[in-house]
Each structure stands twice: as C-alpha cells, then as structure tokens.
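User: I am new to this structure. Please take a close look at one part of it and walk me through what is there.

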Amino acid sequence: MKINRRFPFQAKWILAGVALVVALLAPLALESYWLHVFIIAYFYALLASSWALLAGYAGQFSFGHMAFMAIGGYTSGLLGRYFNTPPLLGILLGTLLAGITGLTIGGLVLRFKASYLALFTIAFSEILRMVIKGESGITRGDQGLSVAPLFGTEVISRLPYYYTMLAVLVICLILMYWLANSRVGLFLRAIREDEEAAAARGVDVVKFKVLTFVVTSMIAGLAGGFFAHYITILTPNILIIPQMGLVIAMAIIGGVESLIAAAVGGVIIQISLEWLRQFEAWRLVIFGALLILTLRFARDGLVTPLLQRIFGTAPKAELRTDVSSNAAKEEVNLDEA
Amino acid sequence: MKLETQAITKNFGGIQALNGISLTIADNELVGIIGPNGAGKTTFVNTITGFHSPDKGRLILNGEDITGLKPNEITRRGIGRTFQVTRAFRRMTVMENMLVPALAVSRDRSRMEAKEQARKVLDFLTLDHLRNDYARSLSGGQQKLLELAQLLMTDPDLLFLDEPFAGVHPKLMETIFEYINMVHAQGKSFIIISHDMPSIFALSKRLIVLNYGEVLADDTPDIVKDDPRVIEAYLGEDDDD
C-alpha cells in the first residue's frame, strides 16, 4: 500500500488552523454551561491524547494515567492549602512530581513486557486512591480537598479557564506531535511493533519507553493541576478505574494511533456524554455499545479513518487488496525470471 | 574485527543449551553453523547478540569484554543479526524500517543522509520501488530481503544470518547469495545458520557443527562433510531416512 495524498501535505495544517479558529470563536456561541462542558472536554482530550502517545505509539498499556493526573492536582492543591503556594507554581511542582513518579515506576517496570505495566499501574492507582482516602487529615479524603481557583475568587467567568485549558491542550499537542514525528517517534513505533527487533536494530528500548512514560505522566500531571484549579475540589473518586476506562475509551474510539484523533475522540465523547444525559442511565449503555462496536469493527477508531479519507491515505480494505496484489506481482516477476 | 567466545555456557532450567563453547571469528570470515534441531545454534546467536546473558564464559569483541551488554549496545559495536522468523516492523513503511537502524546507531546522521543510503541499499536488493509500502504488504521473501537491508544501515562488521534461505523462492535466494558475497567482499564477516545444506556448503569457507550445545566439528566444509561424527550426529539422519 502506497501512501498517496490527494491533498497537499499542508492541508492538515490548514485543517488544524481552521479547528483552532473555531475553538477560539466557540465561546461567542456557547452558554456558560456548555463552556464548562468544553473545558472538561479539553481536559479529557489532553489525557486521551497523551495516553495515545504511550499506548498507540509506544505500545505501552498503562492504567495509571488518572493517578498521575491526581498527583498533579493533589500536589498543587495541598501545596496551596498548607504552604500558600501560588497555583501556577503548584501546577509546575505537581507536573514535576508526576514526572518523577513516572520515572520511578517506568524504571522499575518498563524493562518487562507491557502486561506488567498494566498490572503495576492498576495496583499503583488503587494504592494512591486508598492513601488519599485514608489520609483524610491531610487530603480531606472523601469530603474533598478545596483548591484555590486559578484566577482567584473574584473571577466568576469561565472564559479565562476555557482559553487556558485550550492553550494547554494545543501546546501539549504540538509538543507530542513534534516528539511523535522526531526520531524518537520512529523508535517508539518500532518498539510497538517488536521490542526485540527494535533492540537488534540498535534502539535502546527501555530508555525510550521510560522517556515516553515520563513525558506522558507529566502531561497528565499538568492536566490534573489545571483541572484542580478550575473545578476547585478534588476527591479520590477521580482515581477510580472507570474514570481511567473513560480516558482509554476516548482514545480508542477516536483512534489510539493518532494524537489528534484521540484528542478529538476525547472532546466528542465528553460532549456526547453530556448530551446523552437526557437518557439518564442509558447513556452509559449507549457509550459502552459504541466502544464495543468500535473495537470490533473500527480498530483504527472512528476519527482516524475520517482523517485518512480527508488526507487521502488508503483505508484497510485497500491495503488487503494491495497485500495480495503485491505478493501476486512478485510471483509473476519470479515466474518471468 | 575479532570475536572470541570463551567457554560460553547457557542453561534453561535443566537443559544445557550451550556447553562451554569457545570459538574465534576473525576479520572477513564467512562461517556457517549447522546442527540438528535443538543443537543450540539460535541460542548461540542470541547469547552473542545480547538477547541472553551467558551463565558462564565471556564474549570478547576486538579486545573489549561485551558479556552482558544489551542488544542495542552490541549492535552499536558492529554486530548485526537477522531472526529465524522475519521480524520487520510490519506497520511501518519499508523506508521507515530502514531509518530505524540508521538513526538508532548514529545520532549525528541526518534523516536525509539516512534516506539516501537506504535507497542505495534498497535498490541493490530490488526493494527500492516498494520503499513507501508498509512492510506487512511485502511477501515473505521480500521481508527477508528487507531485514538484510536493515542490517547494512548499522554498518556492522559481523553479520549473523539465522536461516536466511528458509522458505525463499530460488530467484530471491540468488539475490541473497549476491548480497552475502558482495558484503563479504567489502571485508565484513558472516556467521550463517542454515538447514539448507547445499547453500551453506557452497557459501561457507569454514563450517562449525553444533550438537547438544557443544562444538562437534570446526573446519572447512569439505573436511566437515566427511567427518564421521558429523555424519552420525547430523548429516547421517537424512541417509537413514
């Protein structure tokens, strides 16, 4: 299968520019409630896309993304509560702590196969949740930790939060896109395909897996910091496994092997879940069915095939034809020879 | 390039896969390794290339002890390998498959330089027209050629080829023969593991026979062919059939 583009390469940047302009102008048409929905959607888009970098590019399946998000949020919240640390400094320190935790876990686990990471991060996430819940004297446990708003109590408008979350999302997407398209991204995809073969070709597999784990942990921590200072209350419930499942589902439904598709998946799923509230409990049934259907019939997610159509990359069906035709071509050539 | 294995031993549970193998591979040698199934051939390659750590013994490359180094560190020191079952990066294009080793072993090499080199290698191996295709769309034989092409991108001094002729069309086999002879003529050493007796006897200047993790014979193909121990342990199997 050859990758032929019907559109010039720059088309993707034009589309990204249009999407950004729409996002910048959206508040003009959105009520305060929907502004809130979009802020949360951007938060989930950040989590889904950074999880996609780890799982879709590097092939490392982690259940700890919400735990790193919580580390970022709780660090900043606790520093503000006990040391009057300014929110931005708190977010920075929370991001760093998430990165250090990621480095520790990655260094311990990532020299083993991917299943160890999944099991380890489930355990880590649950331990962290129980510690936050149990140490209620410090963390306020289930009662919730009050966190200072990012722009102070006098700012009531959601607009500054909307643009801040959007800016954080765009900057992180650009950073991750650059990483994914650098030689590091190339090595990560080789690792995803076959760790041993990548090592045999000279790739330091553990180093690049740990690097990616640290970067994505820091992005989750950063998202958690901004989330905490927007929502202004944190409870251990943000760490429960279904919350992590939601982030994974967003990335998979969007397209786990594309950062943009995963981010778009995060936004669409979050907005859809809000819209589906009218169906009450059935919204989760509809969401679950969508996930099952995506996994069964659209392994590349729902957004990725759409982007492939726009940019002219071949769908899978074409690929299958190409495989057989390529092998057939070889047979013909050999017979002629 | 000079590789020495000093009394290499490797056990898996109660099975002794390698039992004190001591060999020296000199510069520009073309060595074949044969042996019955389970003789320890692939374990030997895996141990030298860092995929297994030897339980005992040392590996010396150009005077440096490389025992226990990771596979990528071994590759950077000039030892390349293929796998018994082809392991190209299937969901990456042929060109991307070439860029991975090129950029992994040299931080200074630009993507453009690596692409130029890759196209020359692919052209020699008749794969250049497929450079933008995904590796999974190549036939089995073409994937074997791609793996051989990847090896050259790391500029190795010693190339381990594990069953390079297995399941390959005779025409592609000719290309692989050409590849081996051409690269060997550039001063590179080869260690080739194969069950394809005509090919391995035709190519090798030196033939090592492994049996039960030990070196049974190590000589020129003509002498090995007539060695009664080899006939009994390995070549004789076919006669009996």
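The part I would like explained is helix 3 of chain B: what encloses this helix?

Analyst: This is a predicted model. Start with helix 3 of chain B, which spans residues 94–105. Ten of its twelve residues are buried, so helix 3 is largely enclosed by the rest of the structure. Buried here means that 20 or more other C-beta atoms lie within 10 Å of the residue's own.

What do they pack against?

The contact takes 27 residues from chain A and 33 from chain B. On the side of chain A, helix 8, helix 9 and helix 15 (316–336) each supply at least two residues. Helix 15 gives the largest share, seven residues. By type, that side of chain A has 15 nonpolar, two polar and ten charged residues.

Elsewhere, chain B has an open sheet of four strands, in the order 2-1-4-5, with antiparallel pairing. Its edge strands are strand 2 (15–25) and strand 5 (64–65). Helix 1 (residues 41–48) of chain B packs on this sheet, touching strands 1, 2 and 4. The direction of helix 1 makes about 65° with that of strand 2. Five bridges join strand 1 (residues 3–12) to strand 4 (residues 56–61) of chain B. Across that pair, B:E4 stands opposite B:I60.

Note on methods. Residues are numbered from 1 along each chain as its sequence is written. Chains are lettered from A and ligands numbered from 1 in the order in which they are written. This is a predicted model: local features need pLDDT of at least 70, side-chain atom pairs count only at pLDDT 80 or more; totals for chains, interfaces and linings use all residues. Two strands pair if DSSP finds at least two bridges between them. Two residues are in contact if their C-beta atoms, placed from the backbone, lie within 7 Å. Axes are lines fitted to C-alpha atoms, for helices over the stretch in contact, and angles run from 0 to 180 degrees between N-to-C directions. Ala, Val, Leu, Ile, Met, Phe, Trp, Tyr, Cys and Pro count as nonpolar, Asp, Glu, Lys and Arg as charged, and the others, Gly among them, as polar.
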